[in-house]
Amino acid sequence: MTALTLGYLSFPALLAAIFLRAPIGLAMVLAGFIGLWAATGSPDVALAKLKSESFTTFASYSLSIIPMFLLMGQFATLSGMSRSLFDAGAAWLGHRRGGLAMAAIGACAGFGAICGSSLATAATMGRVALPELRRHGYDGGLAQATLAAGGTLGILIPPSVILVIYAILTEQNIAHLFLAALIPGLMAAGGYMAVIALYVRRHPEAAGQGVRLPLRDRMAALRGVWQVAAVFALVVGGIYAGWFAPTKGAAVGAAATGLLALASGTLTWRKLGEALMATAISTAMIYFVIFGAAFYNGFLALSQLPQHLTGWVTGQGLSPILVLAVILLGYLILGCLMDSLSMILLTIPILWPVMQGLDFGLSPDATAIWFGILVLIVVEVGLITPPVGMNLFVINRIDRATGMGRTYRAVIWFVASDIARVALLVAFPAITLFLLPV
Amino acid sequence: MALLGGAVLLMLAAMLCLSVLGQGIERLAYSDALAARAPGVAQALQASGLRQIGGDFELVEAGLAFAVFAFLPLCQLRSGHATVEVFTAPLGRRANLWLRAFWEVVLALALCVVAWRLGAGTLDKADNGQTTFLLQFPVWWAYAASLCAAAIAAAIAVWCAAVWLWRAARGVGDADADPVA
């Protein structure tokens with residue numbers, strides 16, 4: 001059997017193992033190990049690679065940005081910033097019908113600006129906003145759907161852990177990817193708010209209405225938000241302006257949110273321990289998948305599968321947009337099953353060469369950034385797609401009283417707005433790219 | 001163990017921040033603007049020795065590798081590894097217990113192999129005396145630190161595998177639970 005055949009066989013075998021609940025990183029290590037063994041006829045190559053591969057993967061300066069951002073997100077959840085964001089949103093929007101839900105979306109967007117993970121954003125904002133929404137007479141289904149959808153803003157609005165991984169895999173500038181994600185992220189927040197407005201017009205009983213606050217109180221509520229704005233400006237602005245490299249920016253962000261949490265008095269030794277533990281678990285999970293992906297990709301490169309697949313796809317003379325549509329649809333389906341990060345690590349090394357082989361009338365870097373943002377959005381839609389979306393479960397765990405069925409019916413609206421946005425971004429790459437200095 | 005790794009992570013973050021501050025001061029000290037307006041301050045800053053921490057990234061790399069190996073056991077004890085459970089859920093509790101036990105055994109084997117090979121890699125680096133580029137500390141120190149953590153990770157993985165085999169054989173508990181109650 002040729003190495004190429006082995007390469008093509010390894011992928012379905014790998015997926016089968018993953019669907020039989022193998023830890024994803026482990027499945028990739030195994031596929032890479034067995035593949036190398038079979039292709040070279042002895043385990044020596046694979047064993048020799050393992051002498052340094054685990055260490056060099058973990059000892060990567062560019063990847064060290066990930067634990068720093070995770071730590072920053074953990075400190076942010078402790079700092080009480082989530083509460084001030086929601087209070088500010090509620091002060092400005094709460095008197096409208098559905099306004100509190102819109103405030104929750106706005107707060108999620110704000111929290112996304114200091115937290116790079118969807119589940120953490122959904123969990124943190126859910127704890128703050130869900131009880132408030134329920135207290136003001138919001139329907140449980142709408143409230144949960146809102147927060148599950150809002151959680152995806154955590155990853156869309158920079159900083160974003162997944163964009164960091166994508167940037168490393170495709171050798172793109174992290175700052176440019178962050179900048180490109182900003183407009184689509186804000187569009188997502190706007191789209192979700194529009195969905196809420198439409199939803200409460202059709203189901204007026206689903207939302208309550210608060211009292212209108214005088215301007216002075218509104219301005220006061222706004223004051224609580226400055227911390228978030230300052231941290232975001234410092235970290236993302238600093239990385240973009242070139243004050244520091246992305247890894248250092250993330251470390252500065254972690255320190256800044258840590259100090260703010262300390263100042264707010266919520267950072268006790270116990271909480272610090274919990275934050276470190278949560279960071280440790282996510283870090284280990286992500287690095288183990290990265291290690292598996294690195295090892296598997298070593299085998300894939302040997303099998304020359306990516307080059308062969310690229311040659312085949314471009315040789316078919318298909319319209320590039322059609323190929324892109326099929327890829328995005330594939331991500332949408334896989335996204336319902338697998339966590340976004342594993343999926344990106346598993347597929348980008350195979351699909352990115354294919355994308356590079358297609359002509360979209362954009363420069364290579366622009367294509368990479370545009371494709372990255374599109375993939376990021378579709379994999380995040382998987383997080384809120386019934387019946388398997390992870391965010392839905394995270395939110396439902398906070399408010400058990402509401403049945404999942406009601407959440408599913410409401411969240412469909414948000415999914416629809418996501419899909420409309422993806423179509424828009426595919427049709428007009430300029431929306432994603434115009435901020436970039438090309 | 002994980003807390004030790006966490007402490008390392010905190011120290012690395014703090015060090016990077018100091019390095020950023022140092023870099024800023026260094027840039028200021030050697031900037032034309034400061035030299036023109038306040039040459040005394042510029043000279044004082046230059047003489048202060050406050051600057052970017054040399055070789056900071058080498059420390060980050062070595063420290064982080066140790067931290068990640070130290071985090072692995074916690075991830076396993078809290079069932080933190082990414083898995084897909086949608087397709088196997090209909091198979092029932094017993095089948096899922098066996099699947100979990102099977103993969104835990106494979107994971108334990110894999111981590112033992114990783115630790116064994118890392119040991120071989122450490123010996124290689126100790127033999128050839130390779131040092132890092134800027135700080136000139138022997139690369140095998142970093143390898144050895146990671147090896148200690150990797151060995152503990154492997155040992156805990158073996159223990160987890162035993163726990164899951166026992167649970168699967170007895171049919172106790174649930175496949176989505178943690179290995180420690």
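Visitor: Which helices of chain A and chain B each supply at least two residues of the lining of the largest cavity?
Guide: In this predicted model, the largest cavity has a volume of about 60 Å³. Its lining includes A:L26, A:F288, B:F69 and B:V114. The helices that each supply at least two lining residues are α2 and α14 of chain A and α4 (56–77) and α5 (93–128) of chain B.

Visitor: Which helix gives the largest share of the lining of the second largest cavity?
Guide: The second largest cavity, of about 30 Å³, is lined by A:F288 together with B:L72, B:P73, B:Q76, B:H81, B:L107 and B:L111. The largest share, three residues, comes from α4(B).

Visitor: What area do chain A and chain B bury between them?
Guide: The contact involves 54 residues of chain A and 57 residues of chain B. On the chain A side, A:R21, A:K51 and A:F55 lose the most area to chain B. Carbon and sulfur atoms carry 80% of the buried total, which is about 4,800 Å².

Visitor: Which residue of chain B forms a salt bridge with A:R21?
Guide: Three salt bridges are counted between chain A and chain B. In the one formed by A:R21, the closest N and O atoms are 3.8 Å apart, within the 4 Å cut-off. The partner of A:R21 is B:E85.

Technical notes
Residues are numbered from 1 along each chain as its sequence is written. Chains are lettered from A and ligands numbered from 1 in the order in which they are written. This is a predicted model: local features need pLDDT of at least 70, side-chain atom pairs count only at pLDDT 80 or more; totals for chains, interfaces and linings use all residues. Side-chain values use heavy atoms; hydrogens and water are left out. Contact means heavy atoms within 4.5 Å. Buried area is the accessible area (1.4 Å probe) that two parts lose on being put together, summed over both. A salt bridge is a side-chain nitrogen of Lys or Arg within 4 Å of a carboxyl oxygen of Asp or Glu. On a 1 Å grid over the protein atoms alone, a cavity is a set of points where a 1.4 Å probe fits but cannot get out, and a pocket is an open set with protein on both sides within 12 Å along at least five of seven lines; lining residues have an atom within 4 Å of a point. Grid points are joined across faces, edges and corners, and a volume is the space filled by probe spheres set on the points. Helices (H or I, at least four residues) and strands (E, at least two) are DSSP runs, numbered from the N terminus.
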